[in-house]
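Dear colleague,

Here is the structure you will be working with. My notes on it follow below.

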Amino acid sequence: MSVEIVRIVAETFQEDAPILIAQLKAGVKSGNRENVQRAAHSLKGLVANFEATSARDAASNLELAAKNDQLADSGGLVAELEEQINRVMSALGEFLEASE
């Protein structure tokens, strides 16, 4: 994959991930399982592009919790996913700076 394609995917991730995290948090707060499941699934797909397995696993765990109607105890899962997403965003930010 060319550097330019990776840059485009990385930039898209940096734009979309914060929006999806916000949707996920709002869904947890309101108890909207479908929105949580959709946002977690989208994040899982996005991080899979970068082989970020810890972030992918965190998204998968939250997606499963939403699917199984277990959002009441999902605060730790949300925090873990957000931490992993922030790590990916940081690494992508470094990549984007270095590839300019």
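Helices (H or I, at least four residues) and strands (E, at least two) are DSSP runs, numbered from the N terminus. This is a predicted model, in which local features need pLDDT of at least 70 and side-chain atom pairs count only at pLDDT 80 or more, while totals for chains, interfaces and linings use all residues. Residues are numbered from 1 along each chain as its sequence is written, and side-chain values use heavy atoms, with hydrogens and water left out.

Two loop residues come first. E51 sits in the loop between α2 and α3, and its phi is near 50°, a positive value in a residue other than glycine. D69 belongs to the loop between α3 and α4; the phi of D69 is also positive, near 55°. Most residues other than glycine have a negative phi. Exposed means over 50% relative accessible area, buried under 20%, and partly exposed in between (1.4 Å probe, protein chains only). E51 is exposed at 71%, and D69 is exposed at 55%.

Next, the core. A nonpolar core is a set of buried Ala, Val, Leu, Ile, Met, Phe, Trp, Tyr and Cys residues joined through side-chain atoms within 4.5 Å. The largest one has 26 residues, of which F13, L24, L43, L62, L81 and I85 touch the most other members. Helices α1 (3-30), α2 (33-48), α3 and α4 (75-98) each supply at least two of its residues, and the largest share, 7 residues, comes from α4.

Finally, E63 lies in helix α3 (residues 53-67) and is buried, with a relative accessible area of 12%. Contact means heavy atoms within 4.5 Å. Not counting residues up to four places away in sequence, E63 touches Q37, A40, H41 and K44.

Regards
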